[in-house]
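Open the structure in your viewer and keep the selection tool at hand. We will go from stop to stop.

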Amino acid sequence: MSTATRPRTARPVRMPHHDPAQRPMLVTWESTRACQLACRHCRAVSRPLRDPRELTTAEAKALMDEAASFGKPAVIFIITGGDCFERPDLAELVAYGSDMGLHMAVSPSGTDKLNKQSLARIQDAGAGVISLSLDGATAATHDAFRGVERTFDRTVAGWQAARELGMKVQINSVVARHNVHELPDIAALVREYGAMTWSGFLLVPTGRGVDLGSLDAAEIEDVLNIFYDMGEAVPAKTTEGHHFRRVSLQRYALAQRGIEGEDMITAMHLGPLYRSLRERIVELGLDHGERRRRPPITVSSGNGFMFISHVGDVTPSGFLEKSAGNVREASLTEIYRNSEVFTGVRDAFRLKGKCGECEYNRVCGGSRARAFNSTGDLHAEEPLCAYQPGSFPYPEDVKALLSAPARSGRPA
């Protein structure tokens, strides 16, 4: 079983050009919690009607002013929800942010509001990027997860409409026990319809997702390596799977040495889930391709990323519900640069357990959201990482890679 080719990328990880302690790369605003779906993993615990405490149009514009004040290059400003199409002022806000020089993106839900006409309106207003969720390769799997029939069909139709309009599309897929064996088939859809990126979201226990079956650490290791295997066929990345950067470094080092097949599996301590998924991606021809592999970028909660809730609370991410302040009371830039919550999650020296000892903690650091939600400790070790610090057999190879990481100004 051949599992590796010589890597076709300059470096296995990327670093932002700017100082992530001074400005984020991504700012996500939860514009509303209103949504017509009832997704099993919903962080926001969405509801049918809008919350009267939501930021007003004027407050949302003030928020964008603050985001623009971080300076150049401008941040990517993502309007999400709930379902952002539930806000009647969405196009107005997209246009305002675009006029401010922000890179505007929207993340709608797969409802009947997701259609070519609504997408054209926000495109005309200045949004060139959308992200959509696809959590199964079939309507049966996806619709059961999303809680409403025909969500799969609406999502795929919206995806195709966006592509026809010339918009860039990111597809997000939750990785959990209900759909893990469909990941290769979801990737095949991504290859068929085309996407800027495909992100596998490793479940964080929050909102409705607390009771949704997560994979264990060994299974996550298998999945991360499968995402790496598919990297030349589809633009694969992860969300809340920061140890994908460590996997990318290790797999790159092994490939440079020509280590593949069973020797690679042994070196990476991979298990039966990897073998099963690997068999399927080979069947689908997803184990190779013409793409240049997409190196993951070292952006994570509070470290290049920030989240603002529908009522203005600022947190390092939408999955790490530890407020650092509220935009109705404090400056967004001040919160990001100086609040104890944000400075804390950026400090690798405060990491505990395996994360504190790990030689990859400067490029990984683990999911602070998963650690906090699982233990109540912002600096606890990543609970879904199977790696034992110092166990990789070629530490000098990785050390050389870490001494000269790739750099990039924006995440692709």
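Is Leu286 buried or exposed? With a relative accessible area of 0%, Leu286 is buried. Bear in mind throughout that this is a predicted model.

**Stop 1: around Leu286**

Leu286 sits in the loop between α10 (272-283) and β9. Along the chain, Leu286 and Ala187 are 99 residues apart. Their C-alpha atoms, however, are separated by 7.9 Å. Next, show what Leu286 touches, leaving aside neighbours within four places in sequence. The contacts include Pro184, Ala187, Ala188 and Arg191. Asp229, Met230, Ala233, Val234 and Ile281 are also in contact with Leu286.

**Stop 2: Met306**

Move to strand β10, residues 304-308, and pick Met306. Why does Met306 count as buried? Its relative accessibility is 0%, and buried means under 20%. Display its contacts, again without residues up to four places away in sequence. Among them are Pro24, Leu26, Val27, Thr28 and Phe70. Val314, Thr315 and Pro316 also touch Met306, as do Leu332, Tyr336 and Phe342. Now draw a distance from Met306 to Glu283. These two are 23 residues apart along the chain, and their C-alpha atoms are separated by 39 Å.

**Stop 3: a helix pair**

Select helix α8 (residues 244-256) and helix α9 (residues 261-268). Their axes come within 11 Å and cross at roughly 145 degrees. The crossing is right-handed. Which residues make the contact? From α8 come Val247, Gln250, Arg251 and Leu254. From α9 come Met264, Ala267 and Met268. Colour these residues by class: 5 are nonpolar, 1 is polar and 1 is charged.

**Stop 4: a cavity by α8**

Keep α8 on screen. The second largest cavity holds about 80 Å³ of space. It is lined by 15 residues, and the closest to its centre are Tyr228, Ser248, Arg293, Arg294 and Pro295. Helices α7 (217-229) and α8 each supply at least two residues of this lining. The largest share, 3 residues, comes from α8. By class, the lining divides into 9 nonpolar, 3 polar and 3 charged residues.

**Stop 5: the largest cavity**

How many cavities of 30 Å³ or more does a search of the whole structure find? The search finds 3. The largest has a volume of about 150 Å³. To find it, select Lys354, Cys355, Cys358, Cys364 and Cys385, which are the closest to its centre of the 15 lining residues. Its lining has 7 nonpolar, 4 polar and 4 charged residues.

**Stop 6**

Now turn to the second largest pocket, with a volume of about 430 Å³. It has 24 lining residues. Select Asn303, Arg346, Asn361, Arg362 and Val363, the closest to its centre. The lining is made up of 10 nonpolar, 8 polar and 6 charged residues.

**Stop 7: α4 and what follows**

Select helix α4, residues 139-146. Thr141, His142, Asp143, Phe145 and Arg146 are buried here. What covers them includes β5 (129-133), α5 (151-165) and β6 (168-175). Gly147 follows α4 and has a positive phi, near 85 degrees. Go on to Arg150, in the loop between α4 and α5. Arg150 is not a glycine, yet its phi is positive, about 70 degrees. Arg150 is partly exposed, with a relative accessible area of 47%.

**Stop 8: another positive phi**

Jump to Glu240, in the loop between β8 (236-239) and α8. Its phi is also positive, near 55 degrees, in a residue other than glycine. Glu240 is buried, at 5% relative accessible area.

**Last stop: cis peptide bonds**

Zoom in on the bond from Lys72 to Pro73. It is cis, with omega near -5 degrees. Pro73 lies in the loop between α1 (57-68) and β3 (76-80). Then select Gly81 and Gly82, which are joined by a cis peptide bond with omega about 25 degrees. Gly82 is in the loop between β3 and α2 (90-99).

Definitions and conventions: Residues are numbered from 1 along each chain as its sequence is written. This is a predicted model: local features need pLDDT of at least 70, side-chain atom pairs count only at pLDDT 80 or more; totals for chains, interfaces and linings use all residues. Side-chain values use heavy atoms; hydrogens and water are left out. Axes are lines fitted to C-alpha atoms, for helices over the stretch in contact, and angles run from 0 to 180 degrees between N-to-C directions. Helices (H or I, at least four residues) and strands (E, at least two) are DSSP runs, numbered from the N terminus. A crossing is left-handed if the near helix is turned anticlockwise from the far one by less than a right angle, and right-handed if clockwise. Contact means heavy atoms within 4.5 Å. Ala, Val, Leu, Ile, Met, Phe, Trp, Tyr, Cys and Pro count as nonpolar, Asp, Glu, Lys and Arg as charged, and the others, Gly among them, as polar. On a 1 Å grid over the protein atoms alone, a cavity is a set of points where a 1.4 Å probe fits but cannot get out, and a pocket is an open set with protein on both sides within 12 Å along at least five of seven lines; lining residues have an atom within 4 Å of a point. Grid points are joined across faces, edges and corners, and a volume is the space filled by probe spheres set on the points. Buried means under 20% relative accessible area, exposed over 50%, partly exposed in between (1.4 Å probe, protein chains only).
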